[in-house]
Amino acid sequence: MPLQSRDEQGHVLAIFECSSADGIEALACREGVRLAVEWIHKRAILETDCVSVASAINSCYLSRL
């Protein structure tokens, strides 16, 4: 199922191809982080309302400390 990520002006930022809502959320989070690293040279906060994606991100972060 293709999903388009858009900015506040409606411009397409990315197109994702995934078969689950959690997968799409994970891809959107990854793209958000990639864009933040490219455009913002300060600390940033990643927010998601998907518990499984947040848990996966947190477990990866903690395992890399």
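A contact here means heavy atoms within 4.5 Å of each other. With that in hand, take the chain's contacts between residues at least 6 apart in sequence: 21% of them join residues at least 24 apart.

Before going further, a word on what you're looking at. This is a predicted model, where local features need pLDDT of at least 70 and side-chain atom pairs count only at pLDDT 80 or more, while totals for chains, interfaces and linings use all residues. Residues are numbered from 1 along each chain as its sequence is written, and side-chain values use heavy atoms, leaving out hydrogens and water.

That pLDDT score is the predictor's confidence in each residue, from 0 to 100. The chain averages 80, and 82% of the residues score at least 70. Confidence is lowest in strand E1 (residues 2–6), with a mean of 68, and highest in H1, at 87.

Now for the layout. There are two helices and two strands; these are DSSP runs numbered from the N terminus, with helices being H or I runs of at least four residues and strands being E runs of at least two. Follow the sequence along and you get β-β-α-α.

How much is tucked away? Of the 65 residues, 17% count as buried. Buried means under 20% relative accessible area, exposed means over 50%, and partly exposed is in between (1.4 Å probe, protein chains only).

Next, zoom in on helix H1. A salt bridge is a side-chain nitrogen of Lys or Arg within 4 Å of a carboxyl oxygen of Asp or Glu, and the whole structure has two. In one, Glu-31 pairs with Arg-34, with the closest N and O atoms 2.6 Å apart. These two are three residues apart in helix H1 (residues 21–39), so about one helical turn separates them. Glu-31 is buried, at 13% relative accessibility, whereas Arg-34 is partly exposed, at 42%.

Arg-34 also meets Glu-38 in a salt bridge (3.0 Å, N to O).

Val-33, Val-37, Leu-46 and Ile-57 make a nonpolar surface patch of about 320 Å². Patches are made of residues with over 30% relative accessible area and no salt bridge, joining like charges within 9 Å and nonpolar side chains (Val, Leu, Ile, Met, Phe, Trp, Tyr) within 5 Å. Areas come from the Shrake-Rupley method with a 1.4 Å probe; for residues, only the protein chains shown count as cover. Ile-57 sits in helix H2 (residues 51–63) and is partly exposed, at 34% relative accessibility.
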